[in-house]
Amino acid sequence: MGAGGTLHAPASAPTRHSRPAPTHPGAWWLWALSLGTAATRTTNPLLLALLITVSAYVVITRRPHAPWSRSYGAFVKLALAVLLIRLLFTTILGSPIPGTHTLLTLPEVPLPHWAQGIRLGGRVTAEGLTFALYDAMKLATLLICVGAANALANPARLLKSLPGALYEMGVAVVVALTFAPNLIADVQRLRAARRLRGRPDRGVRGLLQVGLPVLEGALERSVALAAAMDARGYGRTARVPAPVRRTTAALTLGGLLGVCAGTYGLLTAAGGTYGIPVLVAGVAAALGGLWLGGRRTVRTRYRPDRWDARAWLVTASGAAVAALLFLAAARDPAALHPGVVPLTAPTLPLWPAAAVLLGLLPAFVTPAPENTVSTPVKEPS
C-alpha cells in the first residue's frame, strides 16, 4: 500500500522464455563440408569469394560465445598463408602455364641434367601467377569452410552424437580440438601476468620462461583428463561373439574399399558408369559395419541432440549448393573454370552464384547464439 492508501501491484519477476534447442553439430559439419565440396568444382575466383562470404556471414551471425568458436580466424590466416606460399613457389619455381605477359625476370640458377623440367628463377608471367592464384583459392576456400564447421559445431556435443564404433576416435579428436584453444589461453594469461610484473614476454628469453609453465599446465591437464576418463570406464568394451566381430571387420573394410573405388570412378571419365553404384554400396556396407561395431561400446547418452527440421534445412542448403555446382560444372565448365591463356577477366555466372546463396539459409532458420553477458535487472525502488 502506497501513500494515500493507493494499492500498488507487486512487481512481476522477469519470466524466462525457453530458448530453442541448438542446431545439431553434425548438421553444421555436413553444411560446411558441402560448401567445401562445391569449392572443389570451380576455380572461378568470384564464385570462390562468394562461398567464403557466405560461410563468413553464417559464422558471424550464428557463432556461439565459446572459446572453441574462435578458431575461425586461425583458419582464415592459414588460408591466406596457403595463397602466399603458392604464389611464392610459382614465382621462384616457375609455372607450366605458358604466358606472354612478363611481370619480372629473376636470375635463373642452372640445374644438372637430371633435374630437367625444374627451374629456379627465370621469367614470371601474369598468366602463371593467375593460374596459381585460382588454384590456391580453391584450397583456401576449403580450409575456410572447415574452419566454419569448427566455429559453429560444439565438439563435445558432436562427440555425443557419434556412433558407438567411432566413440574412442571421436574422443581423441575432441581432445585434440580443445587442447589448442586452452594452450592459447594459457599463453595469453601468462604473458599478461609477466607484463603486469614488469618482466619481458617477448624474444627467446620470454618465450622460454612462458613455455615451461604452459607445458606444465598441459601435462597436469592431461593427467587429470586421463584420470577422469579411467574413472568413467573409458576404453572398456563388451563381449561380442566372434561371428559378429568378423562380420563387422568385413563390412567396414569392404565399405571403405567401395568408397575409395566409387570415388575414383567419379573422378575419372572411364568410371562414370560404375562410380555411383559402387560408392553407394560402399557407404551402405561401412554404415552397417559401424552399426555392428557400436555393440562393443557400452555407454549411454544424456539428453542426446535431436536431428530436427532445422538440422535437415541446414544440411539440405549445403547439399543443394554442392549438387547445383556439380551440375553447373558439367553443363558449363568454361564459366566455372575461367581460362588464363589468353588472360581475361573472370565473369560471375548468374545461376551458379544464386545456387551459392542458398548456403545462407542457416543464418535465418537457426536460433541466434545466446549472449553470455547478462544484463543486470534494476530493482524497482
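**Why is it called that? Terms on a predicted model**

Mentor: Let's start with two helices: α1 and α4 are roughly antiparallel to each other. Keep in mind that this is a predicted model, so local features need pLDDT of at least 70 and side-chain atom pairs count only at pLDDT 80 or more, while totals for chains, interfaces and linings use all residues. Residues are numbered from 1 along each chain as its sequence is written, and side-chain values use heavy atoms, with hydrogens and water left out.

Trainee: Why are α1 and α4 called roughly antiparallel?

Mentor: The axes of α1 and α4 (residues 126-152) cross at roughly 175 degrees and come within 9 Å. Axes are lines fitted to C-alpha atoms, for helices over the stretch in contact, and angles run from 0 to 180 degrees between N-to-C directions. Angles under 35 degrees count as roughly parallel, over 145 as roughly antiparallel, 65 to 115 as roughly perpendicular, and the rest as oblique. The crossing angle of roughly 175 degrees therefore makes α1 and α4 roughly antiparallel.

Trainee: Which residues of α1 and α4 make the contact?

Mentor: From α1 they are W28, W29, W31, A32, L35, G36 and A39, and from α4 they are K138, T141, L142, C145, V146, A148, A149, N150 and L152. Contact means heavy atoms within 4.5 Å. By class, this contact of α1 with α4 has 12 nonpolar, 3 polar and 1 charged residues. For these classes, Ala, Val, Leu, Ile, Met, Phe, Trp, Tyr, Cys and Pro count as nonpolar, Asp, Glu, Lys and Arg as charged, and the others, Gly among them, as polar.

Trainee: How many aromatic pairs does a search of the whole structure find?

Mentor: The search finds 3 aromatic pairs. In one of them, W28 and W31, the ring centres are 5.9 Å apart and the planes stand at 80 degrees. Rings of Phe, Tyr and Trp (its six-membered ring) pair if their centres lie within 6.5 Å; planes under 30 degrees apart count as stacked, over 60 as edge-to-face and the rest as tilted. With 80 degrees between the planes, W28 and W31 are edge-to-face.

Trainee: Where do W28 and W31 lie?

Mentor: Both are in helix α1 (residues 25-39), 3 residues apart, about one turn of the helix. A helix here is a DSSP run (H or I, at least four residues), a strand is a run of E with at least two, and both are numbered from the N terminus.

Trainee: What makes W28 buried?

Mentor: Its relative accessible area is 5%. Buried means under 20%, exposed over 50%, and partly exposed in between (1.4 Å probe, protein chains only). W28 is therefore buried, and W31, at 0%, is buried too.

Trainee: Why is the pair of Y57 and F364 called tilted?

Mentor: The ring centres of Y57 and F364 are 6.5 Å apart and their planes are at 35 degrees, so the pair is tilted. Y57 lies in helix α2 (residues 45-62) and F364 in helix α13 (residues 362-365), so the pair ties together parts that are 307 residues apart in sequence. Y57 is partly exposed at 39%, whereas F364 is exposed at 59%.

Trainee: How do you know whether N44 is buried or exposed?

Mentor: N44, in the loop between α1 and α2, has 0% relative accessibility, so N44 counts as buried. Leaving out residues up to four places away in sequence, N44 touches A335, L336, P338, P346, T347 and P349.

Trainee: What makes P346 partly exposed?

Mentor: P346 has 25% relative accessibility, so P346 counts as partly exposed. P346 lies in the loop between α11 and α12, and its contacts beyond four places in sequence are N44, P45, L46, Y134 and P338.
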